[in-house]
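Reader: I would like to go through this model and ask what stands behind each label. Please set the values against the cut-offs as we go.

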Amino acid sequence: MALDTVRATFRRPFAARELLEQFWFVVSVSWVPAMLVAIPFGAVIALQLGTLTRQIGAQSFTGAASVLAVVQQAAPIVTTLVIAGAGGAAICAALGARRTRDEIDALRVMGVDPVQHLVVPRVIACILAAVLLNGLVSVVGVIGGYVFNVIVQGGTPGAYLSSFTALAQLSDLWVGELKAVIFGFIAGIVACHRGLNAAGGPKGVGDAVNQAVVVTFLLLFFVNFVITTLYLQLVPGKGA
């Protein structure tokens, strides 16, 4: 289905209205939970790294480590987890309900490709929403980490910011956005695939939703490991 979706993306007609509706839906159900999850994520990372750097006498690097952890790792993961759990689950349930009502077969009988008409706009909507929310989560997570490090742990604002600007590089932001694109694609594909293959009535739809969320989480962490490993091997650090 992933290959069929990529090929169908460049075929006409393109369901632009469906794309806008799905994009708005995914963003509307995901942005508030993403922000609420980003705050404790940034706080926990800052508190943990602040305690560790204090023990080894490297307090001046707390800001760089916290911000890079949020931008490279936490933000794309949190964004995709929320999209898969909220938007992806709803997409899977909607397509599964259409499947049980034989609407998918009806589209094929009428000569309409379900992948082009239903899957493509939903997958692109998940990708765009992931990229947008990734930036939002990054900002909220960094602010949360800054507040907790400076206020709770007594760190200095100047050291927090200077260490970040000294060690961070633009590629750190780009790899976070690349992860958001790939993770959003995975979340959309898995949700649509499980929805279009749901069977067994309402219970089958519920099982498909559960499977879509679990499979997305497993693929997410595996792909994140692969991308992070390649990035650390190919892109040297700023201080190297």
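Author: Helices are DSSP runs of H or I with at least four residues, and strands are E runs of at least two, numbered from the N terminus. Read along the sequence, the pattern of this chain is α-α-α-α-α-α-α-α. The model is a predicted one.

Reader: How many helices and strands does the chain have?

Author: The count is 8 helices and 0 strands. The C-alpha atoms fill a box of roughly 70 × 35 × 30 Å along the principal axes.

Reader: What makes helix 2 and helix 3 parallel or antiparallel?

Author: The axes of helix 2 (residues 16-55) and helix 3 (residues 62-100) cross at roughly 150 degrees and come within 7 Å. Angles over 145 degrees count as roughly antiparallel, so helix 2 is roughly antiparallel to helix 3. The contact of helix 2 with helix 3 has 21 nonpolar residues, 8 polar and no charged. The crossing of helix 2 with helix 3 is right-handed.

Reader: Which term describes helix 3 and helix 7, and why?

Author: The axes of helix 3 and helix 7 cross at roughly 20 degrees and come within 8 Å. Angles under 35 degrees count as roughly parallel, and helix 3 and helix 7 are therefore roughly parallel to each other. The residues in the contact of helix 3 with helix 7 are 15 nonpolar, 7 polar and 4 charged. Helix 3 passes helix 7 in a right-handed crossing.

Reader: Why are an angle and a distance quoted for two packed helices?

Author: Because two packed helices are described by the angle between their axes and the distance between the axes.

Reader: What is the label for Val 142, and why?

Author: The relative accessible area of Val 142 is 23%. The partly exposed range lies between the buried limit of 20% and the exposed limit of 50%, so Val 142 is partly exposed. Val 142 is part of helix 5. Beyond residues up to four places away in sequence, Val 142 touches Val 67, Val 70, Val 71 and Tyr 160. Val 142 and Ser 66 are 76 residues apart along the chain, and their C-alpha atoms are separated by 7.6 Å.

Reader: Where is Thr 156 found, and why is Thr 156 called partly exposed?

Author: Thr 156 is in the loop between helix 5 (114-152) and helix 6 (157-167). Its relative accessible area is 47%. Exposed means over 50% and buried under 20%, so Thr 156 is partly exposed.

Reader: What is said of the backbone at Asp 102?

Author: Asp 102 has a positive phi of about 65 degrees although it is not a glycine. Asp 102 is in the loop between helix 3 and helix 4 (103-109). At a relative accessible area of 47%, Asp 102 is partly exposed.

Reader: What makes a set of residues a nonpolar core, and which residues have the most contacts inside the largest one?

Author: The members are buried nonpolar residues of the listed types, joined through side-chain atoms within 4.5 Å. The largest nonpolar core has 43 residues, and those with the most contacts inside it are Ile 83, Ile 91, Cys 92, Leu 95, Val 119, Val 123 and Cys 192. Two or more residues each come from helix 2, helix 3, helix 4, helix 5, helix 7 (170-196) and helix 8 (201-234). Helix 5 gives the largest share, 12 residues. A second, separate core of 7 residues includes Ala 34, Ala 38, Val 137 and Val 140.

Reader: How much of the chain is buried?

Author: Buried residues make up 44% of the 240 residues in the chain.

Conventions:
Residues numbered from 1 in each chain as written. Predicted model: local features only at pLDDT ≥ 70, side-chain atom pairs only at ≥ 80, totals over all residues. Heavy atoms only, no water. Axes fitted to C-alpha atoms, helices over the stretch in contact; angles between N-to-C directions. Parallel < 35°, antiparallel > 145°, perpendicular 65-115°, else oblique. Left-handed = near helix turned anticlockwise from the far one by under 90°. Nonpolar A, V, L, I, M, F, W, Y, C, P; charged D, E, K, R; others polar. Buried < 20%, exposed > 50% of the residue type's maximum accessible area, 1.4 Å probe, protein only. Contact = heavy atoms within 4.5 Å.
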